[in-house]
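These are my notebook entries on a single structure. I looked up ring pairs, the ligand shell and a few individual residues.

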Amino acid sequence: MNKVAHYLQEHLVGEVMTSPDARRYFATDTSIFTVTPSLVVYPRNENDVRKTARFTWQLAERGRVIPLTARGSGTDQAGAAIGNGVVMVFPAHMNRIMEFDSKTGSVTVEPGINYGKLQQTLYTHNRFLPPYPSSVEYSTIGGAVGNNASGEKSIKYGDTRNFVKALRVVLANGEVIQTRRLNKRELSKKLGLSTFEGEIYRALDALIEEKKDVIKQMQPVVTKNSAGYALDLVKRKDGSFDLTPLLVGSQGTLGIVTEITLETEVHTPNATLIMAQFDDLKVAVQAIAEIRKFSDLPSSMELVDEHLLKFVKQHNPNQLRGIVDDAIPKILLLVEFDNPSDRNQKRLTKKTTKLLNKYQVPFRIETDPTLRDELWKVRHSAATVVAFSEGNLRAVPVIEDGVVPVERFNEYLDAVYELFARYNLQAAIWGHAGDANVHMAVRQANMAMAGYGHHTWQNFTAKKCTRFSNQPRKYLTHTIF
Ligand SMILES: Cc1cc2nc3c(=O)[nH]c(=O)nc-3n(C[C@H](O)[C@H](O)[C@H](O)COP(=O)(O)OP(=O)(O)OC[C@H]3O[C@@H](n4cnc5c(N)ncnc54)[C@H](O)[C@@H]3O)c2cc1C
């Protein structure tokens with residue numbers, strides 16, 4: 001065990017691991033990258049996190065830099081949960097619900113809590129967290145905060161940032177801060193602090209004032225965005241100030257989160273799901289744009305393309321039986337309404353079916369929860385593609401989680417299909433049609449992880465991403481074109 005690990009072992013309550021097995025295990029996440037940490041820590045409490053940060057800060061002051069990487073379940077697809085220094089793994093111990101306020105629905109948790117477990121607990125109180133990612137069952141709330149995760153309900157409810165109200169965060173030097181929206185008077189108190197926290201408030205306030213116009217100009221014209229740092233949301237016109245939106249989506253680069261307070265929504269179990277099958281991409285995108293203009297947005301509007309359906313049919317045919325039997329459509333669209341009033345659900349369903357009839361598109365409507373779940377499985381089968389590996393072949397997530405302006409969705413999809421065809425690659429596309437935000441995975445013999453494919457693809461995506469080279473990570477959760 002090296003000296004750093006030895007020191008931490010003596011001073012932390014949680015475990016410190018340096019075995020080759022542990023380091024190899026935490027050298028990967030769900031991305032295509034491998035970075036082996038020098039040691040792994042399972043913090044038992046905030047004090048463990050604080051002590052680790054303090055110690056590595058002191059070493060850095062003496063010229064020895066050991067990066068700290070926070071990690072939830074490691075389902076990140078862009079390499080954000082791996083690092084070559086200390087990897088701090090939260091699910092082992094820091095996984096509790098600290099407080100639930102049944103009156104306001106707000107909940108305070110430790111970062112390592114499993115998202116799915118928290119969601120199940122919230123359901124029992126008729127509440128839920130709408131921005132859950134597709135990986136809800138096997139990821140953590142800390143990871144969702146790190147990535148500003150969003151998912152199938154984000155078209156209506158927004159992303160994780162919309163729900164995080166306050167945080168406890170360990171800064172690089174081991175200092176602990178609490179964040180929430182501060183009024184002008186509270187802000188001026190923070191500005192007067194002689195601590196690292198005070199320094200951060202002063203520097204950030206000056207930066208935001210000085211670069212107001214640049215920050216405004218840089219806002220992408222998309223309906224959701226998790227790339228970069230949300231500087232635009234820190235200071236409001238009324239002078240109030242909040243570090244929370246900046247920390248959400250910062251992938252652990254600004255501090256390590258040890259406690260999260262979230263707002264939750266009332267859960268309506270009744271919903272109406274419409275599944276439509278399009279043979280023409282242009283018509284599908286036109287219908288999506290028209291549904292977006294309804295007075296009430298659907299709670300979900302998701303798509304899977306023909307390549308994903310073919311893949312599922314080949315590897316798990318039972319999943320499609322009775323849903324897509326013979327001819328595979330180009331696009332399968334799922335539109336769901338979860339309005340609390342049945343009348344509204346019926347009204348919006350009628351509007352949608354009128355639209356689908358106009359385009360002569362076959363569709364199916366389900367309100368029964370079991371049948372709805374059956375249809376949703378087709379969308380959720382995308383996880384099979386991500387997890388797929390056969391010999392040295394793997395489905396490689398590329399142009400991962402890209403989002404474009406809704407009105408350019410057709411152009412974007414046309415261009416990527418053309419690009420994949422040009423390079424003779426077969427890519428499955430699926431995702432959040434309502435936000436023009438999709439995932440893509442390539443599976444092709446020459447994309448083998450061993451051999452040329454891996455590196456070729458890295459170079460290819462790196463080139464495509466050069467516009468964003470000033471962002472916190474080389475590969476972004478959402479890539480904006
Ligand atoms: C099949 C599949 C489907 C997915 N679907 C979606 C989706 O629909 N939407 C979506 O947004 N993402 C999706 N993802 C990506 C990922 O699963 C989510 O973003 C998830 O929320 C990450 O959680 P995690 O616990 O695995 O975090 P990790 O992967 O461990 O970490 C994610 C980031 O959060 C940071 N982090 C973790 N804990 C802390 C902490 N305590 N303090 C500070 N930073 C921290 C990490 O450093 C890292 O930067 C998907 C991934 C897979 C494999």
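I looked up Trp57 first. Trp57 counts as partly exposed because its relative accessibility is 27%, where buried means under 20% relative accessible area, exposed over 50% and partly exposed in between, with a 1.4 Å probe and protein chains only. I note that this is a predicted model, in which local features need pLDDT of at least 70 and side-chain atom pairs count only at pLDDT 80 or more, while totals for chains, interfaces and linings use all residues. Residues are numbered from 1 along each chain as its sequence is written, and side-chain values use heavy atoms, with hydrogens and water left out.

Entry: aromatic pairs. I took rings of Phe, Tyr and Trp (its six-membered ring) as paired if their centres lie within 6.5 Å, with planes under 30 degrees apart called stacked, over 60 edge-to-face and the rest tilted. The count by this rule is six aromatic pairs. Phe26 and Tyr42 form an edge-to-face pair, because their planes stand at 90° with the ring centres 6.3 Å apart. This pair links distant parts of the chain, as Phe26 lies in the loop between helix H2 (20-25) and strand E2 (39-42), and Tyr42 lies in strand E2, 16 residues apart. Helices (H or I, at least four residues) and strands (E, at least two) are DSSP runs, numbered from the N terminus. Is Phe26 buried or exposed? Phe26 is buried, at a relative accessible area of 6%, whereas Tyr42 is partly exposed at 21%.

I then examined Trp57 and Phe196, whose rings make a tilted pair at 5.5 Å centre to centre, with 45° between the planes. Here too distant parts of the chain are linked: Trp57 belongs to helix H3 (residues 46-61) and Phe196 to helix H8 (residues 196-210), 139 residues apart. Ring pairs also join Tyr25, Phe26 and Tyr42 into a cluster.

Entry: a charge and a ring. I found the charged end of Lys351 over the ring of Phe294, 4.6 Å from its centre; the rule asks for NZ of Lys or CZ of Arg within 6 Å of the ring centre and within 35 degrees of the ring normal.

I next looked up polar backbone atoms by the ligand. Ser73 has one at 2.9 Å from a ligand oxygen atom, and Ser150 has one at 2.6 Å from a ligand nitrogen atom. A backbone N or O atom of Val257 is 2.9 Å from a nitrogen atom of the ligand. The protein covers 96% of the 980 Å² of accessible area that the ligand has on its own, by the Shrake-Rupley method with a 1.4 Å probe.

Entry: Asn148 sits in the loop between H5 and helix H6 (154-157) and is buried, with a relative accessible area of 1%. Its side chain reaches the backbone nitrogen of Thr160 at 3.3 Å. Met98 belongs to strand E5 (residues 97-100) and is partly exposed at 38%. I recorded Met98 and Glu259 as 8.7 Å apart in space, C-alpha to C-alpha, and 161 residues apart in sequence.

Methods:
A polar contact is a pair of N or O atoms within 3.5 Å; within protein, one must be able to donate a hydrogen and the other to accept it, and residues adjacent in sequence count only if both atoms are side-chain atoms.
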